[in-house]
Amino acid sequence: MAGESKKWVLMVTAQTPTNIAVIKYWGKRDETLILPINDSISVTLDPEHLCTTTTVAVSPSFESDRMWLNGKEISLTGSRYQNCLREIRSRASDVHDEGKGAHIEKKDWEKLQLHIASYNNFPTAAGLASSAAGFACLVFALAKLMNVKEDRGKLSTIARQGSGSACRSLFGGFVKWIMGKDENGSDSLAVQLVDEKHWDELVIIIAVVSSRQKETSSTSGMRESVETSLLLKHRAKEIVPRRITQMEEAIKNCDFSSFANLTCADSNQFHAVCLDTSPPIFYMNNTSHRIISCVEKWNHSEETPQVAYTFDAGPNAVLIARNRKTASLLLQRMLFYFPPAPETDLNNFILGDNSILRDAG
Ligand code: DP6
């Protein structure tokens, strides 16, 4: 690289969808390496509606590592970014681009500076797992740029160090984050349980109850739960291991009744842990509770459940319908019980594989 022209810029753009946990991760046993206290399972959304797009660029003319999120420059000094950058740089290989006259050797990556631009097509930090898509996309794009020759499982151990749930966004379909046993975190990684084609009749609808930024971040909320909640200890040790086995079975067999019962129960227990935390954490609001009642009433009036609900660290509902027919009935019910404000643009109500229902309350 020495003595080369400073004119070249190499760039890679990647797009990564967010994921929604159906068996939740809540609590760390190691805060720095981000090692969880239980396994978790999630479904990765279709990239069309909720995803992060990240462009990473390298050039000898860049003077420092810099990053822009949704057009605003943000600091990269935090340990989560630094850990991901360090881990990726240490695995980089030679890159040669004859067309641009760029010849980068493995050792050069330590000195070269990066520019990163990331864009979320959904509200950041409103409990829609923006950090999951963000760190997964960053790690994936950097790995491509730097010619990192690791498989996705290994990359997931790096994304995990940016944000725990990010490790699951490196795969599509249903994904399990295995908590692992190693102290260094090498076996705490994501594996794909089934790909996106396996259970493709499910329809996921996100009811954006509020797009405001949440008051308690997942990181600090789960730290407080680990310190104060007895229910969390019981959950991690006794409940989740059993649920993980049952959920894997339900997914494998496309058994919607078991899937819905487990998903709703796990969401409710996660929010019960938040209430069991001192001081208690409230992520859901009245509208969230009304959505739960509406779905529960409907499910109980049918022979088998039609819709599963789950809520992360925020009030927004993720509703998983058995199939497209149920999804359209669900949308009708949602629009009846939560009529849109008169000024709402009805084009915002989309019915698709992963639809978004805006401003439901
Ligand atoms: C409720 O992955 O955002 O969405 O590891 O501290 O970055 P950090 O937390 P984060 O927590 C996600 C919590 C959750 C459940 C889940 O996605 O499993």
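**Close-up 1. N147 in its loop.** N147 sits in the loop between helix 2 and helix 3 (152–159). Helices (H or I, at least four residues) and strands (E, at least two) are DSSP runs, numbered from the N terminus. N147 is not a glycine, yet its phi is positive, about 55 degrees. N147 has 15 other C-beta atoms within 10 Å, so it is partly exposed. A residue is buried if 20 or more other C-beta atoms lie within 10 Å of its own, exposed if 12 or fewer, and partly exposed in between; C-beta atoms are placed from the backbone. This is a predicted model: local features need pLDDT of at least 70, side-chain atom pairs count only at pLDDT 80 or more, and totals for chains, interfaces and linings use all residues. Residues are numbered from 1 along each chain as its sequence is written.

**Close-up 2. I34 in its loop.** I34 lies in the loop between strand 3 (28–30) and strand 4 (35–36). Its phi is near 55 degrees, a positive value in a residue other than glycine. I34 counts as buried because it has 24 C-beta neighbours inside 10 Å.

**Close-up 3. A cis peptide bond.** S278 and P279 are joined by a cis peptide bond, with omega about -10 degrees. P279 belongs to the loop between helix 6 (256–276) and helix 7 (286–301).

**Close-up 4. Strand 2 and its partner.** Strand 2 (residues 19–23) has 5 of its 5 residues buried, so it is largely enclosed by the rest of the structure. It runs antiparallel to strand 5 (residues 40–44), with 4 bridges between them. Two strands pair if DSSP finds at least two bridges between them. A21 has S42 of strand 5 as its bridge partner.

**Close-up 5. The ligand shell.** The ligand is surrounded by 15 residues; A21, Y25, S163, G164 and S165 are the closest. A residue is near a molecule if its C-beta atom, placed from the backbone, lies within 6 Å of it. The shell holds 6 nonpolar, 7 polar and 2 charged residues. Ala, Val, Leu, Ile, Met, Phe, Trp, Tyr, Cys and Pro count as nonpolar, Asp, Glu, Lys and Arg as charged, and the others, Gly among them, as polar.

**Close-up 6. Strand 6 and two partners.** Strand 6 (residues 51–59) pairs with strand 1 (residues 10–17) in the antiparallel sense, over 8 bridges. M11 has A57 as its bridge partner in strand 6. Strand 6 also runs antiparallel to strand 11 (residues 113–120), joined by 8 bridges. There, A57 has H115 as its bridge partner.
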